[in-house]
Amino acid sequence: MRNTLLVLHILGAATWLGANITQAIATPHFVKAGGEAAAQWWKTTVAMGRVLYPPAAVLVLISGIFLVTTSDGGYQFSDWFVSVGLAMVIIGTIVGITVFGPKGERAAELRAQGDSTGALAPEAAIRNFGILDTILLLLTVVAMVTRWGI
């Protein structure tokens, strides 16, 4: 059971991190192309925020909870690395709802209207929060692998 839960946990985290890296690499190319290509890209990132990230986060959260509760006392919710993981899911959810979704929709709307200058502000916010989210996610992976606090 532990191995299955761990595989699911890693797959969820890998999906989240992989999607972040894909967006970091692809976004500049679509933004440079401008126009409809950029508008469609931002619509795609908003869709990813609805259909890819939530299941990945739920998978990470549920498998993590079961990894702790089935560890026969080996791990506790009070363990630092577990707290870091829970915090990351909460932070990722809040940033997704308050920044990535609304700013992505705004960037798509502005790009579709041909307002590339107006799109710069929401795109910058997405880029900056994306960098922060990815750094925090990488730190969370380090916390998990090294089991901070144990």
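This is a predicted model: local features need pLDDT of at least 70, side-chain atom pairs count only at pLDDT 80 or more; totals for chains, interfaces and linings use all residues.
Guide: Residues are numbered from 1 along each chain as its sequence is written, and side-chain values use heavy atoms, with hydrogens and water left out.

Visitor: Why is α2 called roughly parallel to α3?

Guide: The axes of α2 (residues 35–51) and α3 (residues 53–69) cross at roughly 30° and come within 4 Å. Angles under 35 degrees count as roughly parallel, over 145 as roughly antiparallel, 65 to 115 as roughly perpendicular and the rest as oblique, so α2 is roughly parallel to α3.

Visitor: Which residues make the contact of α2 with α3?

Guide: Met-48, Gly-49, Arg-50 and Val-51 of α2 meet Tyr-53, Pro-54 and Pro-55 of α3, where contact means heavy atoms within 4.5 Å. By class, five are nonpolar, one is polar and one is charged. Ala, Val, Leu, Ile, Met, Phe, Trp, Tyr, Cys and Pro count as nonpolar, Asp, Glu, Lys and Arg as charged, and the others, Gly among them, as polar.

Visitor: What decides whether Thr-140 counts as buried or exposed?

Guide: Buried means under 20% relative accessible area, exposed over 50%, and partly exposed in between (1.4 Å probe, protein chains only). Thr-140 has 9% relative accessibility and therefore counts as buried. Thr-140 lies in helix α5 (residues 116–146) and, leaving aside neighbours within four places in sequence, is in contact with Val-84, Gly-85 and Met-88.

Visitor: What makes a set of grid points a pocket?

Guide: On a 1 Å grid over the protein atoms alone, a pocket is an open set with protein on both sides within 12 Å along at least five of seven lines; lining residues have an atom within 4 Å of a point. The largest pocket has a volume of about 810 Å³. Of its 32 lining residues, Gln-23, Tyr-53, Phe-100, Ile-126 and Gly-130 are the closest to its centre. The largest share of this lining, nine residues, comes from α5.

Visitor: What is the make-up of the lining of the second largest pocket, by class?

Guide: The second largest pocket, with a volume of about 670 Å³, is lined by 30 residues, and Leu-6, His-9, Leu-67, Phe-81 and Met-144 are the closest to its centre. By class, its lining has 22 nonpolar, six polar and two charged residues. Helix α1 gives the largest share, eight residues.

Methods
Axes are lines fitted to C-alpha atoms, for helices over the stretch in contact, and angles run from 0 to 180 degrees between N-to-C directions. Helices (H or I, at least four residues) and strands (E, at least two) are DSSP runs, numbered from the N terminus. On a 1 Å grid over the protein atoms alone, a cavity is a set of points where a 1.4 Å probe fits but cannot get out, and a pocket is an open set with protein on both sides within 12 Å along at least five of seven lines; lining residues have an atom within 4 Å of a point. Grid points are joined across faces, edges and corners, and a volume is the space filled by probe spheres set on the points.
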